[in-house]
Amino acid sequence: MPDTNKDIAQLVHDARGPLNKISMNAELIKLVLENDLPKEKAMQALQAIINNCQDCSTQLQAISAHEKATSK
């Protein structure tokens with residue numbers, strides 16, 4: 001696989017990390033709501049989701065920038 005494909009594969013892999021964390025925190029919120037756990041746990045999970053959405057956006061920008069740089 002050419003380096004460009006490896007680079008893109010790595011960038012996509014890196015973007016999956018925040019997405020997995022978003023999913024995990026959404027499941028945590030679901031458990032908090034189903035089991036009447038402290039609201040603070042849900043708030044922490046929501047903040048983690050927001051942070052990971054921002055991280056994912058950064059990763060997607062990196063993929064876009066990489067694509068633009070390699071298409072020249």
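Biologist: What covers the buried residues of α1?

Modeller: The cover includes α2 (39–70). Keep in mind that this model is predicted.

Biologist: Which residues of α1 are buried?

Modeller: Start with the general idea. An α-helix has 3.6 residues a turn, so residues three or four places apart point the same way. Now the case here. The buried residues of α1 are Leu11, Ala15, Pro18, Ile22, Asn25, Ile29 and Val32.

Biologist: How many residues does α1 have, and what length does it reach?

Modeller: Helix α1 runs over residues 3–34, which makes 32 residues. From first C-alpha to last it reaches 47 Å, close to the 46 Å expected at 1.5 Å a residue.

Biologist: What follows α1?

Modeller: Aspartate 36 follows α1, and its phi is positive, near 50 degrees.

Biologist: Why does asparagine 25 count as buried?

Modeller: Buried means under 20% relative accessible area. Asparagine 25 counts as buried because its relative accessibility is 12%. This residue lies in helix α1. Leaving aside neighbours within four places in sequence, asparagine 25 is in contact with Ala45, Ala48, Ile49 and Asn52.

Biologist: How many disulfides does a search of the whole structure find?

Modeller: A disulfide is a covalent bond between the sulfur atoms of two cysteines. The search of this whole structure finds zero.

Definitions and conventions. Residues numbered from 1 in each chain as written. Predicted model: local features only at pLDDT ≥ 70, side-chain atom pairs only at ≥ 80, totals over all residues. Heavy atoms only, no water. Helix = DSSP H or I, 4+ residues; strand = E, 2+ residues; numbered from the N terminus. Expected span 1.5 Å × (residues − 1). Buried < 20%, exposed > 50% of the residue type's maximum accessible area, 1.4 Å probe, protein only. Contact = heavy atoms within 4.5 Å. Disulfide = S-S within 2.5 Å.
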